[in-house]
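Please look over the structure shown here. A short report on a few of its residues follows.

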Amino acid sequence: MTSRRTSDIRAVGRVALLGLAGAALLAAGCAGHKEAIRPEVVWPLPPEKPRVRFVESIRSSTDVEPSVTSGLMSLITGGDAATGFTKPYGLHVDKDGRLYVADTGWRKVLVFDYPNKSFRILGVDGLGVLAQPVGVTTDAQGRVYVTDAAQTRVVVYDAEGNYVSAFGGREHLVKPVGVAVDDERGRVYVVDTKAHQVVVFSEADGEEVARFGHHGPEDGAFNWPTNIEVGPDGNVYVVDMLNFRVEIFNPEGEFLRKFGGVGRGFGQFSKPKGIGVDADGHIYVADAAFNNVQIFDGQGRLLLFFGGMGGGPGQFWMPAGVAVGPDGKVYVADQFNRRVNVYEVIRYPEDERVLAGGG
C-alpha cells in the first residue's frame, strides 16, 4: 500500500480499485459521441468486472433538441445555430432528469430538459440576468438556485425558468460558488469561497440563518472551498480545495470527519473541484489537475478512479462540476473539452450484500 500511495495518480487511464484486483488502461480513441459503433470504455479492463462505463458526451443543445430556431436562441447566439458549451462548470440533475449546466463562458445556465426534449437558457435578461453563474441546484418544488459570483447573490427561478427572487448580496456573501439545498430542513447551503465559509439561508425566504467555517488548515476550517453537496444522510460535504480534502459536517455545520490530502497518491488531491454523492453514500470528487474522478465510500476510503487527460471518450481536460442523476448516472463538466461526460456506475448482486453489511 505504501508503494501505491507514492504512485503517480495522473498517469492516463490508470485505475485504483480497493477490494477488486487489477488496474486498467483507458481505451484510446477519437470516436464521436454520435457514432453508432465505438469502442466500449470501462474501468477496470477485462477480465475484471467493469465498474464504470462511459456512456456519452453532451456537447450542445442538439443533444436534447435537434432543431433550435427560437427567438431566444437568436438573441443569445446571433442566429439559429445550436448552442454549444463554452466553459461548463457547475452541474445539477433534478429529480426528473433535467440537466442544468452553469457555463461561466456563456455567463448563463443551460438547461437540457430531456423529459420534454427541449432546451432553454436561464439568466438572459431582466431581474434574473446572470453575470458569472458558478453553482446550480434545484429544490423539491422544482425551483432553480444559481450562485452568481460576480453579483454576490443567489438567483432563484421557477421550474419554467422565470425569475422568482434573489438573496444574499454583499452584506452576506463575498464570492458565492457551490450551492446545495436540504429540503427536509428548509435550508440552502452556499459556499463563499473568498470568505472561506459556508453560509446557510432559509429556503422559505432567503434570510441568512447560520454560517460555519473560517480560514485555516484545522478541522472545520477552509482554504478556498469550492463545491458542496447534501448527502442522503443529511450531512454536508464540502470540497476544501487548497487544503486538498473533503470535509463532512452534520446539518448544523458541526465538523464530523475529513479525507484526502495533498499528493499524487491514490485518494489524494491536487486541485479538487466538483463533488457528488449517490443514493448509496458514495462520494465522487473531480480533480482538475489529475483529470480524473475519484470515488470514495462514506468513510473516505478510495474505491475507484476513472478518466485521464485527453479529448477521447471518457477522458478529461480540467474537469469541474459533478452531479449524480436520479438514475445513478454520473455527469462531469469537462471544461476545456467543452462538454459534459456521462458515466454509468455498474452494480452487481454482491454489492447489495456488502452495502447491507454482509461480507
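Met309, Trp317 and Phe336 make a nonpolar surface patch of about 280 Å². Patches consist of residues with over 30% relative accessible area and no salt bridge, where nonpolar side chains (Val, Leu, Ile, Met, Phe, Trp, Tyr) are joined within 5 Å and like charges within 9 Å. A salt bridge is a side-chain nitrogen of Lys or Arg within 4 Å of a carboxyl oxygen of Asp or Glu. Accessible areas come from the Shrake-Rupley method with a 1.4 Å probe, and for residues only the protein chains shown count as cover.

This is a predicted model, in which local features need pLDDT of at least 70, side-chain atom pairs count only at pLDDT 80 or more, and totals for chains, interfaces and linings use all residues. Residues are numbered from 1 along each chain as its sequence is written, and side-chain values use heavy atoms, with hydrogens and water left out.

| Residue | Loop between |
|---|---|
| Lys49 | β1 (42-43) and β2 (52-58) |
| Asn223 | β14 (208-212) and β15 (225-230) |
| Trp317 | β22 (302-307) and β23 (319-324) |

Is Asn223 buried or exposed? Asn223 is buried because its relative accessible area is 18%, and buried means under 20%, exposed over 50%, partly exposed in between. Lys49, at 39%, is partly exposed.

Beyond its neighbours within four places in sequence, Lys49 is in contact (heavy atoms within 4.5 Å) with Pro44, Tyr348 and Glu350.

Terms used:
Helices (H or I, at least four residues) and strands (E, at least two) are DSSP runs, numbered from the N terminus. Buried means under 20% relative accessible area, exposed over 50%, partly exposed in between (1.4 Å probe, protein chains only).
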